[in-house]
Amino acid sequence: MDPVRKRTKDLSKSVDSAHLAPFPDEVLEKVLSLVKSHKDRSSVSLVCKDWYNADRWSRSKIFIGNCYSVSPEIVARRFPNIRSVTLKGKPRFSDFNLVPQNWGADIHSWLVVFAQVYPFLEELRLKRMVVSDESLEFLANSFPGFKVLSLLSCDGFSTDGLKAIATHCKNLTELDIQENGIDDLGGGWLSCFPETFVSLEVLNFASLNSDVTFDALERLVSRCKALRVLKVNKHISLEQIQKLLLRAPQLMEVGTGSFQQELVPRQFAELETAFGSCKNLHTLSGLWEASSVYLPVIYPACANLTYLNLSYATLQSDELSKLLPNCSNLRRLWVLDTVEDKGLEAVGSSCPLLEELRVFPADPFDQDMVHGVTESGFVAVSSGCRKLHYVLYFCRQMTNAAVATIVKNCPDFTHFRLCIMNPGQADYLTNDPMDEAFGAVVKTCTKLQRLAVSGLLTDKTFEYIGKYAKNLETLSVAFAGSSDRGMQSVMEGCPKLRKLEIRDCPFGNEALLSGLDKYESMRSLWMSACNLTMNGCRQLAKNMPRLNVEVIKDEESDDSEADKVYVYRSVVGPRRDAPPFVLTL
Amino acid sequence: MNYEETELTLGLPGRGTKRLLSGEATTKGDKPMVVGWPPVKEHRKGITMSRRYVKVAVDGAPYLRKVDLQSYGNYDELLSALQELFGCFTESDEKKLVDCVNGTLEYVPTYEDKDGDWMLLGDVPWKMFAQSCKRLRLMTRTPSIC
């Protein structure tokens, strides 16, 4: 099969047509192939039949945000020349154990179709999909030109599957394994890359738990001259990282291993030199157990860093305060809340170019801890970092006034994710609900695309969101709202809403049904532990045949209750691989 | 004059002869844990479970030792481990740490916290202590008899 099939043009047809001769297809396809964004591509295909066809033939990359919205056969029929596929599976709340095992999103049926239709497939990027070792082996043996494998939050495979990839994918350029729930049967997979294999550009095995053979890793890094991203796991020591950096000073992104090794002064100096020799280094992560003792070895690389991920290092405020003045170029910073407000003050004063901040809780389940960050840390960052537009912030106390100040300082938020860890907690100074805080966010931040709310919230919050959040695409809600009116306000407002996930809120059938007109323009809706009943869900399913309305029942609950509801648009109807605990209405 | 109140014991002030404060303070566990909340992914859990080795100095001992605070669940376990490591003191009837040879020589467990202050062991919940302790020192003293 010719990988680049051209359609023969029926010239006589166009000459006869009343219009001027249109662009030759080849030219149109060439022009459209420069349109990269998949949203734009989608728009292009809607212009007219010629453009639909030109897009069809020239599309090489496809993005499918919900694997159940379409089937591999339909994809294959429409797009004959795909080289790169991105697929997302389970609902996002599966990250927090809200979706039972064996729910679905298995990649295998997709691979079988792709093997027939796209033998020249090069890239596969999966998020929240189930991938078995058999699938990985099938993949490795079916696509000779395969280059990029990216698995984010997937599960179902083991390191044996990685062995197959390393052994058979002779043209692999990227192997990116992140945050997956996999069976780590040992690090031998890395040694499966043959000695003749030199094409690797990206290697990320930071989330794997077992030891790889360092020798094999060192040789691999040495011979892959185009390697630009290397993220190792915590079994790699400081001394070993130093050796790797010496072999690959061209690296742009580095994830170190554990930072806890005891070093003699000579080793310390060598590490410093190694970091200093990486002139292209802009991203640094890993840094497990890093402490003030050895952190200074990274100082020579800090001036060029734009992204620093310290979310695995339990740094205290003074340690961060000493480090950050070296990192004035930072755009993205991830930290643990062990740095406390004082550490965040250092962020505000040292990193004026900061655009993204994520503060994770070191001890999210310990209610004794009185440490962590508060509203003042957030305010301090907003005060010094006026370009801030992405925040994920876990804290134990917040006030309406603080949030108002924060968005006044930084009105350009596109992503505002605030998690006050105690469910339903009020403004700790005034005891008011946190409605005005999120009101301020949506009123001030007109570019807001993603919002996660928390704390004590009444329907007022949702009235604000519905009224003001005109660009909102993703909304996450937990333990909030007072009545159906809350969710209704969102469904009646928010014209660009695509993803809505709700848990533990008093929204019932009336709220669910108020979104009837909206769900087909959304990717999905998740509602768990709300007040939905089976009848309400049935009514939704009856009225909207092009939606899949899936209910996951809890064992202990009433027959009439709909405990977990997942609603999504689909062109292929109810899925045929649903497990017994998923009822499609 | 109530000397008992000023007596250094291993317990919360005002608790009198109460034994070492166990790590599991009563405050925790009143609220049932909610599934999937806070929304933290699996791979981010247990970060503070990583090793926390701190130096331990005992007055009179020729060299220091190191212990991993994460491997103990409460003050009792820590002190037992220290007894094993150094072997020069033991617990007296009054719940004090006294020298094996010289019964009047007392060891007072102290630690340096994040702020650089030297604190008496036992005042705060175990977990809070484990997070903020930078080093340990067992100070010797001969209690004065007034």
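Helices here are DSSP runs of at least four residues, numbered from the N terminus. With that in hand, look at chain B of this predicted model and find the spot just after helix α2, where B:Gly87 takes a positive phi of about 65°.

Now walk back through the helix itself. Helix α2 of chain B covers residues 75–86, and at 1.5 Å a residue its 12 residues should span 16 Å; the end C-alpha atoms are 16 Å apart, so expectation and model agree. At the start of α2(B), B:Asn74 points a side-chain oxygen to within 3.1 Å of the backbone nitrogen of B:Asp76. Which residues of α2(B) are buried? They are B:Tyr75, B:Leu78, B:Leu79, B:Ala81, B:Leu82 and B:Phe86. Seen down the axis of α2(B), these buried residues fall within an arc of 160°, so they line one face of the helix. The background is simple: an α-helix has 3.6 residues a turn, so residues three or four places apart point the same way.

While you're in chain B, turn to the loop between α1 (3–6) and β1 (53–58), where B:Pro38 is found. The peptide bond joining B:Trp37 and B:Pro38 is cis, with omega at about -5°. A:Arg128 has a positive phi of about 55° although it is not a glycine, and you'll find A:Arg128 in the loop between β3 (123–127) and α7 (133–142) of chain A. A:Arg128 is buried, with a relative accessible area of 9%. A:Ser153, also not a glycine, has a positive phi of about 55°; A:Ser153 sits in the loop between β4 (148–152) and β5 (155–158) of chain A. At 11% relative accessibility, A:Ser153 counts as buried because the cut-off is 20%. What makes these spots worth a look is that most residues other than glycine have a negative phi, and most peptide bonds are trans.

Next, the charged pairs. Side chains of opposite charge can pair when their charged atoms come close. How many salt bridges are there over all chains? The count comes to 35. Take A:Glu201 and A:Arg228, whose side chains meet in a salt bridge at 3.5 Å, N to O. A:Glu201 lies in the loop between β7 (181–183) and β8 (202–204) of chain A, and A:Arg228 in the loop between α9 (214–223) and β9 (229–231), so the pair ties together parts that are 27 residues apart in sequence. A:Glu201 is partly exposed at 25% relative accessibility, and A:Arg228 is partly exposed at 29%.

A second pair joins two strands of chain A. A:Glu356 forms a salt bridge with A:Arg332, the closest N and O atoms being 3.1 Å apart. A:Glu356 is in strand β14 (residues 356–360) and A:Arg332 in strand β13 (residues 332–336), 24 residues apart, so to speak a link between distant parts of the chain. A:Glu463 and A:Lys460 form a salt bridge, with their closest N and O atoms 3.8 Å apart. Both lie in helix α18 (residues 459–468) of chain A, three residues apart, about one turn of the helix. A:Glu463 is partly exposed at 33% relative accessibility, and A:Lys460 is partly exposed at 36%. Salt bridges can also share partners: A:Glu123, A:Arg125, A:Glu174, A:Glu201 and A:Arg228 are joined into one network that way.

Finally, the place where the chains meet. Here 38 residues of chain A are in contact with 28 residues of chain B. Between them the chains bury about 3200 Å², 57% of it on carbon and sulfur atoms. Six residue pairs are in polar contact across the interface. On the side of chain A that touches chain B, β13 and β16 (415–420) each supply at least two residues.

Note on methods: Residues are numbered from 1 along each chain as its sequence is written. Chains are lettered from A and ligands numbered from 1 in the order in which they are written. This is a predicted model: local features need pLDDT of at least 70, side-chain atom pairs count only at pLDDT 80 or more; totals for chains, interfaces and linings use all residues. Side-chain values use heavy atoms; hydrogens and water are left out. A salt bridge is a side-chain nitrogen of Lys or Arg within 4 Å of a carboxyl oxygen of Asp or Glu. Buried means under 20% relative accessible area, exposed over 50%, partly exposed in between (1.4 Å probe, protein chains only). The expected span of a helix is 1.5 Å times one less than its number of residues. The arc is that of the directions from the helix axis to the C-beta atoms. A polar contact is a pair of N or O atoms within 3.5 Å; within protein, one must be able to donate a hydrogen and the other to accept it, and residues adjacent in sequence count only if both atoms are side-chain atoms. Contact means heavy atoms within 4.5 Å. Buried area is the accessible area (1.4 Å probe) that two parts lose on being put together, summed over both.
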